[in-house]
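Here are some notes for your first reading of this model. Please keep the structure open while you go through the points.

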Amino acid sequence: MSLMKIFTNGFIKENPLFVLVLGTCPSLATTTSATNGLGMGLATTFVLGLSNLAIALTARHIPDKVRIPAFIVIIATLVTIVDLLMSAWVNSPGPNGEPSLYDQLGIFIPLIVVNCIVLGRAEAFASKNKPIASLLDGLGSGLGFTFALSLVGSIRELLGSGSVFGLNLLPAQSNILIFILAPGGFIVLGYVIALVNRLKRT
Amino acid sequence: MAKKESTLWNLLSTLVMITFFSSALLGGTYLLTKDPIAEAAAEKKNFAIKKVLPGFDNHPGQESYTIQSIDQTGELIGYPGLSEGKLVGTAVETYTMKGFGGLIRLMVGLDPEGKILSISVLEQKETPGLGTHITDKEFQDLFIGKNPGEMPLKVRKDGGDIDAITAATISSRAFCDAVQRAYDSWKNHTKKND
């Protein structure tokens, strides 16, 4: 498989959320708005790329029986490092008192550890492939996940709060409250997956 | 290169190696980021104080004192803002547990008479799109200039004069509770010390 193909594979054909249906728990929790979905997706992409690279480099030194615990330690270490770095250097409020990037994303970062996409890619791809290919696979899957989260987030935000990325599009009277609550997340995700399946058949 | 075999020694040594390197990396990152993290937290606090207090020339962040909450459920922090040695206002770091998502922390600026100067939300876990409107200027502006000692802060439903956020009465109520707590506790504290 060419490197380009590996990269795009995770984006559409094996989209983590729509096709593999991995990581639904953090997805439903963080897609209440398009911005949150995008933020969670980008943070996951970063960790996914690094963890795939780290695991591809170390996998052949790790005996099969302790594979999973070893991978989890590596992933958790990476996530904690990202969390510490972000809270140190992207943590000052904006000029008009907007919350810092870390304040907006902070709650999602620890959630990446329990995201099964990261462990899933480590198991299915990085432990059997070369470092560069693994890095690309991680970034591709991550961007696919980012796209999926942004899409679900945009739909929920539009129907629930009448805006997309904070930009007001619909009047407040047309807001359907349920879409920013948990049930709305399930409904939107279900319809989007159905649509993706339909499009894939043709 | 062949994969390592799953002998007991290999399992043990691999896990020990991985955890050792991980903890070394984490320790290093912690040492590296410790000071910037503390700085960022202090900067954030100073920023909130600056937002709720008018021109002061001292360092309220370093002259803070603790205030016992009026209902004895916790502690608030007061940051006095002085201009040429005269008190121009106090920023009170307050909280409530009555939010829809539990804890809400606010910074409330009170002038020497207890009138509300400005409010800033430090931490909240309200429902996105509903309760999160407590961070909006339009809602916070309802409180500016009010003296909670003359007219207790309550939403209209409870007989007060604050227009609650649509579909977020609980969050609005909690917000009132936190601001009222700031005033009552601060008043109680200054009375005791006079």
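**Notes on a predicted complex**

1. The buried residues in helix α6 (residues 116-124) of chain A are Ile117(A), Val118(A), Arg121(A) and Ala122(A). Because the arc they span around the axis is only 135 degrees, they sit on the same side of α6(A). The general rule behind this is that an α-helix has 3.6 residues a turn, so residues three or four places apart point the same way.

2. Next, look at the second largest pocket, with a volume of about 570 Å³. Its lining is made of 25 residues, and those nearest the centre are Ala54(A), Ile74(A), Leu78(A), Ser22(B) and Leu25(B). Two or more lining residues each come from α3 (34-58) and α4 (67-89) of chain A, and from α1 (8-52) of chain B.

3. Which classes of residue line the second largest pocket? The lining holds 17 nonpolar, seven polar and one charged residues.

4. Finally, check the confidence. For chain B the mean pLDDT is 86, with 98% of its residues at 70 or more. Within chain B, strand β4 (residues 102-110) has the highest confidence, at 90, and strand β1 (residues 65-68) the lowest, at a mean of 85. Where pLDDT is low, the predicted coordinates should not be read in detail.

5. For the complex, the predictor gives an ipTM of 0.73 and a pTM of 0.76.

Methods: Residues are numbered from 1 along each chain as its sequence is written. Chains are lettered from A and ligands numbered from 1 in the order in which they are written. This is a predicted model: local features need pLDDT of at least 70, side-chain atom pairs count only at pLDDT 80 or more; totals for chains, interfaces and linings use all residues. Side-chain values use heavy atoms; hydrogens and water are left out. On a 1 Å grid over the protein atoms alone, a cavity is a set of points where a 1.4 Å probe fits but cannot get out, and a pocket is an open set with protein on both sides within 12 Å along at least five of seven lines; lining residues have an atom within 4 Å of a point. Grid points are joined across faces, edges and corners, and a volume is the space filled by probe spheres set on the points. Helices (H or I, at least four residues) and strands (E, at least two) are DSSP runs, numbered from the N terminus. Ala, Val, Leu, Ile, Met, Phe, Trp, Tyr, Cys and Pro count as nonpolar, Asp, Glu, Lys and Arg as charged, and the others, Gly among them, as polar. pLDDT is the predictor's confidence in each residue, from 0 to 100. Buried means under 20% relative accessible area, exposed over 50%, partly exposed in between (1.4 Å probe, protein chains only). The arc is that of the directions from the helix axis to the C-beta atoms.
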